[in-house]
Amino acid sequence: MVRAVKIECGISFRLRDNKATAPTPITCFVEFNGKPVVKIPTGTKILPSKWNADKERPIGGMKAMESIEAGSITEKLSVVRTTVENNYREHVNRFKNYPYKEIFKVQVMQSISGEATAPKEEDRPHPSLLNFFERQIKLSRDGKRLIIKGPRKGKPYRENTIKSYEGTLALLRDYMGNRKLKTLNFDDISMDFYHDLRNYMFVDASFSLNYFGKVIKHLKLFMKEAEEEKLHGSVIYRSKGFIKVEEETDAVYNDIKQLEAIYSADLTGHPGLKNARDLYLLGCWSGLRFQDYSVLEEKARVSGDFIHIETEKTGVFVAIPILPITGEILERYRQEDGAYLYPKPISNQKLNDYIKVIGKMAGLTQPVTISVPDGGKRVKITIPFHDAMGTHTARRSFATNMYKHYRLPALTIMKITGHTTEANFFKYIRMTPQENAEFILETVMTKNAKESVEA
């Protein structure tokens with residue numbers, strides 16, 4: 001698991017040589033995450049006899065140094081301390097992880113000197129993968145790193161994507177701490193690293209195969225971008241063995257009868273559950289992702305029989321038909337002036353919790369067997385159906401019901417779900433081999449019967 005990051009760092013000032021007979025440099029020592037220690041030059045010197053090691057400041061008094069000189073040193077050290085604290089807190093607040101010591105040192109020194117230009121070559125941190133990760137994340141946040149392909153080509157990365165990068169960076173730091181590695185350079189990305197990272201994520205951290213696949217996807221992306229900048233010559237990340245693995249999840253969907261049971265469930269006295277149910281059903285009948293159907297009031301526009309919205313993940317504008325249940329729900333939130341307020345938005349986690357309660361109250365208690373990740377493998381468990389429901393069940397329900405129950409063509413449904421390939425779309429269709437066979441049989445028999453009548 002990703003560890004908690006302390007918002008404060010340790011700062012102390014020490015002399016380079018406590019026994020020197022001439023003025024010796026004062027160095028700022030910065031400690032965070034236990035180790036490493038970052039040593040930052042303060043640009044000041046002092047005689048050891050004029051230095052109070054306990055209080056970490058010049059000795060005052062008549063026998064000490066001149067008050068003006070002592071005050072100048074004290075002020076300089078105060079500036080260094082404040083600069084270190086500000087840089088550290090800014091990094092932790094932004095990235096939710098500890099800074100990489102070499103690049104952090106350069107940033108602090110630049111801040112102290114007021115330089116706006118790049119550091120001198122001799123001060124430049126040793127190129128490493130983590131340095132590059134941090135830089136690309138910062139460029140993404142600043143809107144200077146743009147998407148190079150797909151429907152959002154040329155646009156900045158969205159917050160969820162950047163947070164995903166930060167999650168991978170935090171995991172790599174945890175991996176380094178677990179393996180007691182001081183650095184992770186481009187040349188360290190080998191097949192041995194690939195297998196060791198996989199082992200760490202499955203055995204030590206108990207992450208899923210799909211999460212491992214996401215980390216590898218980010219690694220391959222940033223290795224490619226760094227190679228294009230000629231920061232390394234490693235090509236192993238492009239090997240067929242260095243693959244972004246993924247597996248199809250055992251997610252459930254709500255069929256038409258289940259959606260009717262959810263809609264009809266008696267939730268009297270539970271206004272929070274009523275709001276959550278309406279929010280969930282809007283997702284079930286629109287095909288939108290949670291980040292879209294949870295903020296309709298902010299992003300959606302109703303025009304006639306359609307909801308128009310720009311999807312968060314892909315940035316594509318879609319038109320959603322207002323189907324019967326959707327229309328009934330929207331009418332409950334219509335203002336006297338005709339405007340819609342929609343259900344109140346709630347967090348993903350809270351809606352996940354509510355959906356399970358609502359499913360139970362709707363009678364969806366039948367057992368269902370699903371597979372869950374366990375050390376890089378999947379094991380079968382049997383749970384009540386309502387416990388297998390979540391926010392993403394809504395989108396899967398829409399795709400499956402439109403294809404299976406209403407017999408709509410895949411490409412038609414994809415115009416709403418935003419899938420760009422049929423392969424990805426069919427990952428959303430929840431049909432067992434038996435259901436698939438029944439679907440084919442029923443479709444063919446219906447077609448034959450219709451042709452017989454017409455003949």
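A search of the whole structure, a predicted model, identified 16 aromatic pairs (rings of Phe, Tyr and Trp, the last by its six-membered ring, with centres within 6.5 Å). One aromatic cluster is formed by Phe-132, Phe-133, Tyr-157, Tyr-165, Phe-186 and Phe-222. Elsewhere, Arg-14 is placed over the face of Phe-29, 4.1 Å from the ring centre; a charge counts as over a ring if NZ of Lys or CZ of Arg is within 6 Å of the centre and within 35 degrees of the ring normal.

Helix α8 (residues 271-284) and helix α12 (residues 348-361) have axes that come within 9 Å and cross at roughly 95°. The two helices are therefore roughly perpendicular (65 to 115 degrees). Axes are lines fitted to C-alpha atoms over the stretch in contact, with angles from 0 to 180 degrees between N-to-C directions, and helices are DSSP runs of H or I of at least four residues, numbered from the N terminus. In α8, Gly-272, Leu-273, Ala-276, Arg-277, Leu-279 and Tyr-280 meet Leu-351, Tyr-354, Ile-355, Val-357, Ile-358 and Met-361 of α12 (heavy atoms within 4.5 Å).

The structure contains 16 salt bridges (a side-chain nitrogen of Lys or Arg within 4 Å of a carboxyl oxygen of Asp or Glu). One of these joins Asp-196 to Arg-179, with the closest N and O atoms 3.0 Å apart. Because Asp-196 lies in helix α5 (residues 191-204) and Arg-179 in helix α4 (residues 159-179), the pair ties together parts 17 residues apart in sequence.

Residues are numbered from 1 along each chain as its sequence is written, and side-chain values use heavy atoms, without hydrogens and water. Local features required pLDDT of at least 70 and side-chain atom pairs 80 or more, whereas totals for chains, interfaces and linings use all residues.

Note on methods. Phe/Tyr/Trp six-rings, centres within 6.5 Å; stacked < 30°, edge-to-face > 60°. Parallel < 35°, antiparallel > 145°, perpendicular 65-115°, else oblique.
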